Amino acid sequence: MDIAIGICTYDRTDDLQVLFASLGRMNVSPDLSLRIIIVDNDERRTSENTVMSWSRDVDWPVFYVHEPRPGIPMARNRILKEAGYHGYLAFVDDDETVHPDWINSLATAMRQTNVAFVQGPVEMTVESPSDTWWLASGFFRQKVFANLSPRHESWSNNVLIDLAFVRESGCQFEASLQYDGGSDTLFFQDIVAAGGEGRFARDAIVYEVQKRSRLTWSWGIKRHYRYGITRSNTMILRQPFLTASGHCIARSSAMLVLGFLSLFTVFVRGRRGIADGVALIARGAGVVSGLFGGKHKEYAR
């Protein structure tokens with residue numbers, strides 16, 4: 001099985017080195033043929049020396065590509081172009097690390113299911129044990145799915161894609177979301193709309209450290225407000241306006257009601273109850289904002 005591992009990066013050389021170290025510790029089945037594609041989306045080419053230095057220490061082909069057009073969908077589409085349309089493409093984020101059996105587990109799940117994409121879990125960690133409570137709150141809590149269960153959307157932080165299906169369906173990352181989040185969510189929704197199926201690979205684990213700078217109420221609120229806008233964007237860009245409006249209004253209403261109800265659990269669950277409620281309220285507000293044209297240019301430069 002031929003697999004390209006694609007990494008988009010922007011001015012994160014320290015994080016890249018940690019990711020590279022974890023890739024070097026992978027157990028790779030003899031029947032897997034790997035290559036690594038790193039797309040540097042920084043006009044200053046800040047990651048070039050780091051990538052070229054690492055490439056001399058690994059057995060797989062490593063390709064450094066500079067994508068001067070700013071924006072995450074531009075970088076992701078460049079990886080699709082460089083990967084070609086044969087074999088498979090695994091995406092991982094530049095601020096993550098991978099479990100030693102990560103790539104083997106993705107490949108095994110793909111062989112067992114023969115679907116368009118296979119998604120793995122992201123396990124959150126923190127730098128200080130005193131901050132662990134954040135991971136159990138609505139700001140960072142991750143959904144858990146049964147192994148090989150169906151997935152109707154995914155993200156590009158841990159996923160294996162059948163490149164032949166991408167070629168046949170013509171799916172691309174949405175360029176109009178240049179500085180917004182959600183182009184990966186929409187990409188996988190497009191794959192499903194084109195007839196592709198997804199599955200969950202429970203054992204294909206990647207890890208993401210939530211740094212102290214992110215563990216604040218203001219950062220968490222902005223994160224979920226942006227998630228809400230993303231949800232609206234994915235509907236508005238692909239559905240008739242009335243359909244998108246009905247979906248967004250129903251979704252935001254449910255989130256706002258559940259969010260306010262969750263606030264009252266503070267007496268039982270303490271600050272986790274408040275965090276769950278605030279996260280839902282922020283996301284619901286983002287859905288409403290996105291429906292009426294609100295934007296949150298998280299990746300603007």
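A salt bridge here is a side-chain nitrogen of Lys or Arg within 4 Å of a carboxyl oxygen of Asp or Glu. The structure is a predicted model, so local features need pLDDT of at least 70 and side-chain atom pairs count only at pLDDT 80 or more, while totals for chains, interfaces and linings use all residues. Residues are numbered from 1 along each chain as its sequence is written, and side-chain values use heavy atoms, with hydrogens and water left out.

Arg269 is partly exposed because its relative accessible area is 31%, whereas Asp276 is buried because its value is 8%. Elsewhere, salt bridges that share partners tie Arg12, Asp94, Asp95, Glu208 and Arg214 into one network.

Searching the whole structure turns up 22 salt bridges. One of them joins the side chains of Arg111 and Asp31 at 2.8 Å, N to O. This pair bridges distant parts of the chain, 80 residues apart: Arg111 is in helix α4 (residues 102-113), and Asp31 is in the loop between α1 and β2 (33-40). Helices (H or I, at least four residues) and strands (E, at least two) are DSSP runs, numbered from the N terminus. Both ends count as partly exposed, with Arg111 at 41% relative accessibility and Asp31 at 40%. Glu82 is partly exposed, since its relative accessibility is 32%.

Turning to pockets, a pocket is found on a 1 Å grid over the protein atoms alone, as an open set of points where a 1.4 Å probe fits, with protein on both sides within 12 Å along at least five of seven lines; lining residues have an atom within 4 Å of a point. The second largest pocket has a volume of about 280 Å³, the volume being the space filled by probe spheres set on the points, which are joined across faces, edges and corners. Its lining has 14 residues, and Asp15, Asp95, Glu208, Val209 and Lys211 lie nearest the centre. Asp95 and Glu208 also belong to the salt-bridge network. At least two lining residues each come from α1 (13-24), β5 (96-98) and β11 (206-210), with β11 giving the largest share, 3 residues. The lining splits into 8 charged, 3 polar and 3 nonpolar residues.

On the surface, Val257, Leu258, Leu261, Phe264, Phe267 and Val268 make up a nonpolar patch with about 730 Å² of accessible area together. Patch members have over 30% relative accessible area and no salt bridge, and nonpolar side chains are joined within 5 Å. Helices α8 (241-263) and α9 (266-269) each give two or more residues to the patch, and α8 contributes the largest share, 3 residues. Phe267 lies in α9 and counts as exposed because its relative accessible area is 72%.

Asp11, in the loop between β1 (2-9) and α1, has a positive phi near 55° although not a glycine. Arg45, in the loop between β2 and α2 (48-55), likewise has a positive phi of about 55°.

Key: Ala, Val, Leu, Ile, Met, Phe, Trp, Tyr, Cys and Pro count as nonpolar, Asp, Glu, Lys and Arg as charged, and the others, Gly among them, as polar. Patches are made of residues with over 30% relative accessible area and no salt bridge: like charges are joined within 9 Å, nonpolar side chains (Val, Leu, Ile, Met, Phe, Trp, Tyr) within 5 Å. Accessible areas come from the Shrake-Rupley method with a 1.4 Å probe; for residues, only the protein chains shown count as cover. Buried means under 20% relative accessible area, exposed over 50%, partly exposed in between (1.4 Å probe, protein chains only).
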